[in-house]
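Please look over the model below.

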Amino acid sequence: MASSEESATKKLDLQKVMDRIAEASKQVVSGVEAGTVENWVTIYIMGRAYQVPADLTILTAMEYAGYKFVRGVGCRQGFCGACATLYRKEGEYKLQAGMACQTRVEDGMYLVQIPFTPAEKPSYDIAELDYDVNTLFEYYPELARCVSCNTCTKACPQDLEVMDYVQAGIKGDFGDLAEESFDCIQCGLCAIRCPSEIVQYNVAQLGRRLYGRYDSPEPEHLTNRLEEIDEGKFEQALDEITSLGREELEKMYAEREREQE
Amino acid sequence: MAELEYIEGYPAYMHELLQRVHASREKRKTYVPEAMSMEEQQKVLKLHPDYAPGGKRNISVGPNKGDVAPEPVADLLEAYPLVGSEEIDISSADFDVDIMVIGGGLAGTAAAIWANIQGVPADRILLVNKLRHGDANSIMAEGGTQAADREIDSLDRHYLDSMGGGHFTNKPDVLRGLVEDAPFVMHWLHELGAMIDKNEDGTFVEKWGGGTSVRRLHSCKDYTGLEEFRVIRDEFRSRKIGCIEHYPAIELLTDGEGTVTGAVLYNLETGEYKIVQAKATILATGGFGRLHIRGFPTTNHYGATADGLVLAYRAGAKLRDTDTVQYHPTGAAYPIQIVGYLLTEKLRSSGAQPVNVDGDSFVFPLEPRDVEASAIIRECYVRDKGIETPTGLRGVWLDTPMIEVKNGEGYIKKAFPGMDRMFSRYDIDMTNNPVLVFPTLHYQNGGVETDPQGRTTLDGLWVAGEVSGGVHGKNRLMGNSTLDTMVYGRRSGMSAAEYVKGGAEQGKLTLEHQTSYVKMLKEADVPPERRSPILLPEYRGKEALARMIDVF
Amino acid sequence: MKVPYYPGCTLKTKAANFETSALAVAERLGIELVELPRWNCCGTVYSLADDDLIHHVAAVRNLIRVQEMNAQGLVDDEYRLVTLCSMCFNTLKQANVRMSENPEDLEKINDLMYLEDDYEGRVEVKHLLELVDELGFDKVEEQVKNPLEGLRIAPYYGCMLLRPTEVGIDDPEDPQIQTRMLEALGAEKIENPYRKVCCGSYQTVQDKKVVSNLAYDILTHARNAGADAISLSCPLCAFNLDSRQREIKEDHPSFREIPVFYFTQLMAMAFGLSEDYCGFDLNYIDPEPLLSAKGIIGGSNGE
């Protein structure tokens, strides 16, 4: 099989393979051609109606409609929190929230982006702080104003239990605060919607840093390694390996042992 | 055409095909193809987009004249500036700082912090961002960060693994800096309070990465870059270091004699320009995924448009390894909304296997990235064993349910919350069904040539992170990119701070380097409409664009 | 008996020793206090404004958690919810009363909390002291291994356990519940006319003086009546009467400091449990010299 495949690879026009891949990816890379679209929906961007292909996300639909983003877009893949969007659907009272890059368009969506959240972020030196609930209240006294209305949770596009982690903070449960807020992308929608004007994601940031630093010590194997480096343990090996030529390196690489699983 | 019937998020025909993956799982629990020999690797690499013919040309102007680069990159290097000295007033500066950092991902932010730690006051540092501070590839890094901190491991072993992964083209002294500082970076992150995954006994969880000979990969669930960056940005903000957003640099300023002295910034919203003068400039602008080289979708963020390469090159800095591009083996290939998105290598190091249409595993899951990617392309387009999506893309299965077989029930939700969330938005449950993957444009391997302090061939200019070239050679290993950003962010920040504290003078602000570059462009017959940097890719609908008029 | 238990924030932070002692003595009495999953702050004080429904959401949400616990079979009690803090008790119970008396309010709140199950109004809010009373202080007496003989204690009630009468657990004019407890523990009970006077509550945050003046009156009257110590049932009262003795001492140098016990600390001592459960290091006035002098600790063997 190997030899017949080898000849197949040889015969194959490699450039053609690349061209086929590019052709298949075209819709993703340079946008949908209107002629190929089967299903359309109507969305309302800040109140104005646009017909867009039904397969798009809010972000790509707005681009299709002609918007060039200089704000309200970042990673385009759900990590950065730049494209926070609020929307209501026709005939519904519920105000919904989502990341524009992660939410499919639906017919009758009225949407607006919230590309910026004004928020206080106090200065602190994590090394000087007490690992104690008072630290949270010292920097974010408004934390005590939480009325447990859960509006933050409803607004979270990551589906986090925001109120629960805020409450964990209030009761000084750093483990719960850190774990439950871990997937936060700091888009700001919780803070925008909070009737108590808490900036949940900044509180969580402080809580996670305290937890990360103080909950368990630096692993011993790391501390030991840092000491070894200070003592120059690897100097000679690095001097040698950095002076090797390609052939010697290739040989070493081919012969290197793999750690047992 | 009739509407497709969907089952568990997949069209019925794909759902039927994936039953073969379920059927073969028992067999694959014990059978995994062996890693390829060097000869086999060389053979399959012919199918890599970098090695397949076409898509590249020689650079015709500048310090790297004659070197090979992907066509979209060559196009940007061989392009006219957005503004010339006749259009703007550079005689006085709007910002006067000691250190300007361009680019606010992990590298730039770390550079600013370490310059501050080295004694440059917070108000004498300015971090310039094209988008928001943190809209960067850094926060999208999922898998992890390498650091040789286990007893079984050593710095030279990390060096050798990285060298082999880079096909022995890495710059030795720069790679040495990377592996030497890696344990310190983990220490720094821990001190700052990053939540790095730990075992019950308090040691770090360390995973395999493609091409590593030991488990060396540290992670923070599958939000590693996000966690590292959030913590570092919080530290940056606590230090009150200067920062402006939505204000990309569109040109560097030099003294006309090869020293970088500042930059021209552009307000993306109002169109106003500002002049910065700085004794030292650190370029940390990231890579070029949004150029969609060879027509590939990308894992990169919106602003990954090679601005830094263009700016540095035009100012006279030398580049290296411009010919290679990293394609991540496993980008999402279905559904259409997430095509190209990164599915971390950590999925494979946790047990997920690539599987073809017959349900067979066809490649060792942890080959170096270029080899793994080529093997998947071969499966889809040479052996015709791929699975075609309704929009005509081909891919192979990544058998994610195997992760739970190997690590226990509930592991995916715990270790891959981001990925799981992404697929569940499209009704796909990656715990119970495989996902479809195909290589995606991921990383700029080369870049602005650097030394172990992050210095470039120009005085007054440092680089850090993806924009730099040398440390990874022609292929970067998993877990070495976030590491690179923090090691060389720190090194460049410290080196620039020493330079400033050593009495560096502010040089005059000129665009003379531009004048001579434009002259070369004209001599090379570069079409005058080609301009760079492009700052942002163009995704507007063609119908809408066709009817646009400019009245202001 | 597995009973849903609402700790409240203070018991998890400043007054963790009240919780450890309470859990330990409850266990001795055959009560397993099962912490409410996902509980939130009770709302801190019951809002008296008629049109301020949003401030009852916090309390009602906790009551819904009790329903969930019952539905999941985590507890085997008939919808009782036990608290240790008088403030939480009062806030939760008043909200509960309001919900049962105003179906319209309940509907609005249920509507607002549409992600939760509806609150059915079946929960009964109890203070631990009340639960123990219902169990019978004779059961308490059975557990006493180390009677608090010779210890003269003035019970203090404050406001939240007694007022308003719809939620109070005892006669607001002449409360006796702690007296019965002290008798069961073998302590000598001292009458203090100031036992129902407010401790100053949250004024402690805004104006320490208001609180230290009130505390001075309460404590000196107890002292003058012959008390060696105070017993009480609320972490906020405890803070005001115990920690504010620092400010009292500054204003009245001749003031004689007096230890303040949370009632479960006394129970734990009397049950012969280890001092570790009492966490006296968190008390501002160290009660150990007094306890040693009376032979309650030091001599006998704690567990």
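## Domains

The model is predicted. In chain A, the domain assignment places domain 1 at 34–113, domain 2 at 126–214 and domain 3 at 220–255. Domain 1 of chain A and domain 3 of chain A are set 52 Å apart, counted between their C-alpha centres.

## Fold and overall form

Chain A holds 12 helices and five strands. Its radius of gyration is 27 Å, whereas the globule rule gives 18 Å for 261 residues; the chain is therefore more spread out than a compact globule. The C-alpha trace of chain A spans about 70 × 60 × 30 Å along its principal axes.

In chain A, 44% of the 261 residues count as buried. Take the contacts in chain A with a separation of 6 or more: 59% of them join residues 24 or more positions apart.

## Contact with chain B

How many residues of chain A are in contact with chain B? The count is 81 residues of chain A, against 91 residues of chain B. Several helices of chain A give two or more residues each to this side. They are H1 (2–11), H2 (14–30), H3 (58–64), H9 (200–214), H10 (220–230), H11 (235–242) and H12 (246–255). H2(A) gives the most, with 13 residues.

What is the make-up of this side by class? The side of chain A that touches chain B has 39 nonpolar residues, 23 charged residues and 19 polar residues.

Methods
Residues numbered from 1 in each chain as written. Chains lettered and ligands numbered in written order. Predicted model: local features only at pLDDT ≥ 70, side-chain atom pairs only at ≥ 80, totals over all residues. Domains from an automatic or database assignment. Contact = placed C-beta atoms within 7 Å. Helix = DSSP H or I, 4+ residues; strand = E, 2+ residues; numbered from the N terminus. Nonpolar A, V, L, I, M, F, W, Y, C, P; charged D, E, K, R; others polar. Rg over C-alpha atoms; globule rule 2.2 N^0.38 Å. Buried ≥ 20, exposed ≤ 12 C-beta atoms within 10 Å, placed from the backbone.
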